[in-house]
Amino acid sequence: MARQDAVRCVRLFLYVLNVLFWLMSACILGVAAWIRDSLNAVLTLTAHTRLEEAAVLTFAPVVHPVLVVVCCFLLMVAMLGVCGTLRCDLAMLSWYFGSLLVILCVELASALWTYEQPPLQRSDILSLKFRMANFGLRQHQWLTHTWNTFQTEFECCGVIYFTDWLEMTEREWPPDSCCSNQYPGCARRAHQHDLSDLHQEARGAGPEEGCGPKLLSFIRSGAPLQLLRFLGVALGVAQILAMALTLTLLWTLSYGGRRPKEPAGWPALSRDPSVELPLRAELGSLR
């Protein structure tokens, strides 16, 4: 009875862990899709710079095919684990354990990759200014849209300060995406009358709070990346626990349930105690 209760508990925990695998895999895929737009904007603004190299090195393993394939594969593996646990099938459970082990190794490799940070200097941030010269040109509309989107989403203006727009372009005032309350001509009015309507001035920020430092912060320790790392660690811990429970269940089903072997020379007898014990006593007296 105690053995049966222990098996039930192990199977119940495996059910719960497989449900968690489904939920966490879906969350990771959702977060990866959520940060894809922001990452595309970062890669567009940092093209042909060291910041682009840093962004690719940091996000490629968690946004590109590795994370998507691992999470989709884990969804199928969790289904295999549920079926193997329901049927107490040794082959299914063995495949389930091996698949979790492979997934865990891939996740560890991706985690080590994302924590590797290339050295960046202030000059790498300042190199973004040269990407501002093409703002507003017809043949670079995609770059114009990306600058506007990034400045609106991250509430910043220019690379270091809003005057970068006046320095690097022929504009007399920054783009309207620099305004905290955007409407056509808002940046012109703010530049001529009240700089507090611009993002960084409205916050009372210093000269180091432009889009450049925020972009660097997004690459190194942005909230989406930290959320992905937290989900990845939680998923890895759950996988290790599931592997331990699977080994326990495999051992119980393979060895814990075997009957002891009959001694040599004993015939195969009925398992009914009322019949077996007298027969064994009689055989013993004959010997």
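How many salt bridges does the structure hold? The structure holds two. A salt bridge here is a side-chain nitrogen of Lys or Arg within 4 Å of a carboxyl oxygen of Asp or Glu. Side chains of opposite charge can pair when their charged atoms come close.

This is a predicted model, where local features need pLDDT of at least 70, side-chain atom pairs count only at pLDDT 80 or more, and totals for chains, interfaces and linings use all residues. Residues are numbered from 1 along each chain as its sequence is written, and side-chain values use heavy atoms, with hydrogens and water left out.

**The pairs**

- Lys129 bridges to Asp164, with the closest N and O atoms 3.3 Å apart.
- That pair links distant parts of the chain, 35 residues apart: Lys129 sits in the loop between α5 (122–126) and α6 (141–154), Asp164 in helix α7 (residues 163–168).
- Helices are DSSP runs (H or I, at least four residues), numbered from the N terminus.
- Lys129 also forms a salt bridge with Glu167, at 3.7 Å from N to O.
- Glu167 lies in helix α7 and Lys129 in the loop between α5 and α6, so this pair ties together parts 38 residues apart in sequence.
- Lys129, Asp164 and Glu167 are linked in a salt-bridge network.

**Burial**

- Buried means under 20% relative accessible area, exposed over 50%, and partly exposed in between (1.4 Å probe, protein chains only).
- Lys129 counts as buried because its relative accessibility is 15%.
- Asp164 is buried at 3%.
- Glu167 is exposed at 52%.

How values were computed
Helix = DSSP H or I, 4+ residues; strand = E, 2+ residues; numbered from the N terminus.
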